[in-house]
Amino acid sequence: MEGNKTIGIVFSGGGVRGAAHAGVLKALEENGIQPNILSGSSAGALAGALYAAGFKPEEILRFFKENSNVLRWQNFSRTKPGILDTEKYAVIFEPWLKKHTFESIDKRLYICVTDVLKGSVKFYSEGELVHPLLASAAVPGIFSPVEIGDSWYIDGGTMNNFPIEPLIGQCDFLIGSFVSFKGSIGKRHLSSTYKLVSRANELSVLANSQGKFDLFDFLMNPPELANYTTFDSSKIEEIYSIGYHHAMKNMEALLMVLE
């Protein structure tokens, strides 16, 4: 369908809501649209890496389902800041990314991480793959920073949850898949200091991402995902379905713009 066009896609972070990215990819696949350059943060980096490695959307969904329960006692951190030792999760990629390098995957991929020591954003696109992936999904306060070289890296979404920057100027057509939508809530939902601070942080991330929406040729942004939390692991199938049906609902418009 896309002919000789270079199609890029950017995947936002969003915890288990990242399963919606797989649903979007399923809809694109069914309509002959195959992105060939990708960028992602956090859960979006995971979805992007698996797709770039040749896995089908249904297999990406299976990855999210199999690895949704992150609270494993054997992975608790004893000497690092963070409740869980991020590097102990490297084993989950063994059946999926066996060669562990950007050069071994089929499509060009950019993984966004946050350098917590320097206070800057960094993009990985070559060399060893698993540690940048772990870093990009290392939610601060829950997962320990990942040491790469002489610095520490955490969740890419901390500073850039919708990393379009590496793809600008490289694509003929650019699709965004955003899964961190936040709708209005009632006062009863802010019943504690923690909930208020969490809501404020989520809105800050949303505001940073919204400023990029107009840079995309087409944006997938399912509003229903506002009803799901970052760690809502029991709803992964629902989340995948929301991504798929939202993309299918907008497919006619996407194909018109693409052509």
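Buried here means under 20% relative accessible area, exposed means over 50%, and partly exposed is anything in between (1.4 Å probe, protein chains only). All the close-ups show a predicted model, where local features need pLDDT of at least 70, side-chain atom pairs count only at pLDDT 80 or more, and totals for chains, interfaces and linings use all residues. Residues are numbered from 1 along each chain as its sequence is written, and side-chain values use heavy atoms, with hydrogens and water left out.

**View A. N161, a buried residue in a loop.**
N161 sits in the loop between β6 (151-154) and β7; helices (H or I, at least four residues) and strands (E, at least two) are DSSP runs, numbered from the N terminus. N161 counts as buried because its relative accessibility is 6%. What does the side chain of N161 have 3.2 Å from one of its polar atoms? That would be the backbone nitrogen of G13. There is also a polar contact of 3.4 Å between the side chains of N161 and S180. (A polar contact is a pair of N or O atoms within 3.5 Å; within protein, one must be able to donate a hydrogen and the other to accept it, and residues adjacent in sequence count only if both atoms are side-chain atoms.) Setting aside neighbours within four places in sequence, N161 is in contact with F11, S12, G13, S41, G156, F178, S180, V205 and S209, where contact means heavy atoms within 4.5 Å.

**View B. K26 with its two salt-bridge partners, E30 and E58.**
A salt bridge is a side-chain nitrogen of Lys or Arg within 4 Å of a carboxyl oxygen of Asp or Glu, and a search of the whole structure turns up 7 of them. K26 pairs with E30, with 3.7 Å between the closest N and O atoms. Both of these residues lie in helix α1 (residues 19-30), 4 residues apart, or about one turn of the helix. K26 also meets E58, this time at 2.5 Å, N to O. Is K26 buried or exposed? K26 is buried, because its relative accessible area is 18%. E30 is partly exposed at 41%, and E58 is partly exposed too, at 37%.

**View C. The salt bridge between K80 and D85.**
Here the closest N and O atoms of K80 and D85 are 3.1 Å apart. K80 is partly exposed, with a relative accessible area of 30%, while D85 is buried at 10%. Back in the previous view, salt bridges that share partners join K26, E30 and E58 into one network.

**View D. Strand β6 and its antiparallel partners, β3 and β5.**
Two strands pair if DSSP finds at least two bridges between them. Strand β3 (residues 108-115) runs antiparallel to β6 and is joined to it by 2 bridges, with T114 standing opposite I154 in β6. Strand β5 (residues 146-148) is also antiparallel to β6, with 3 bridges, and I148 stands opposite S151. β5 and β6 form a hairpin with 2 residues between them, and G149 in the turn has a positive phi of about 65 degrees.

**View E. Helix α3 crossing helix α6.**
The axes of α3 and α6 (residues 236-249) come within 10 Å and cross at roughly 150 degrees. Axes are lines fitted to C-alpha atoms, for helices over the stretch in contact, and angles run from 0 to 180 degrees between N-to-C directions. Which residues meet where these helices touch? From α3 there are P57, E58, L61, F64 and K65, and from α6 there are I236, E237 and Y240.

**View F. I185 alongside R199.**
I185 is in the loop between β7 (173-177) and α5 (193-210), and R199 is in helix α5. The two are 14 residues apart in sequence and 9.8 Å apart in space, C-alpha to C-alpha. Not counting residues up to four places away in sequence, I185 touches L190 and R199. With the neighbours within four places left out, R199 is in contact with K182, G183, S184, I185 and L190. I185 is partly exposed, with a relative accessible area of 37%, whereas R199 counts as buried at 16%.
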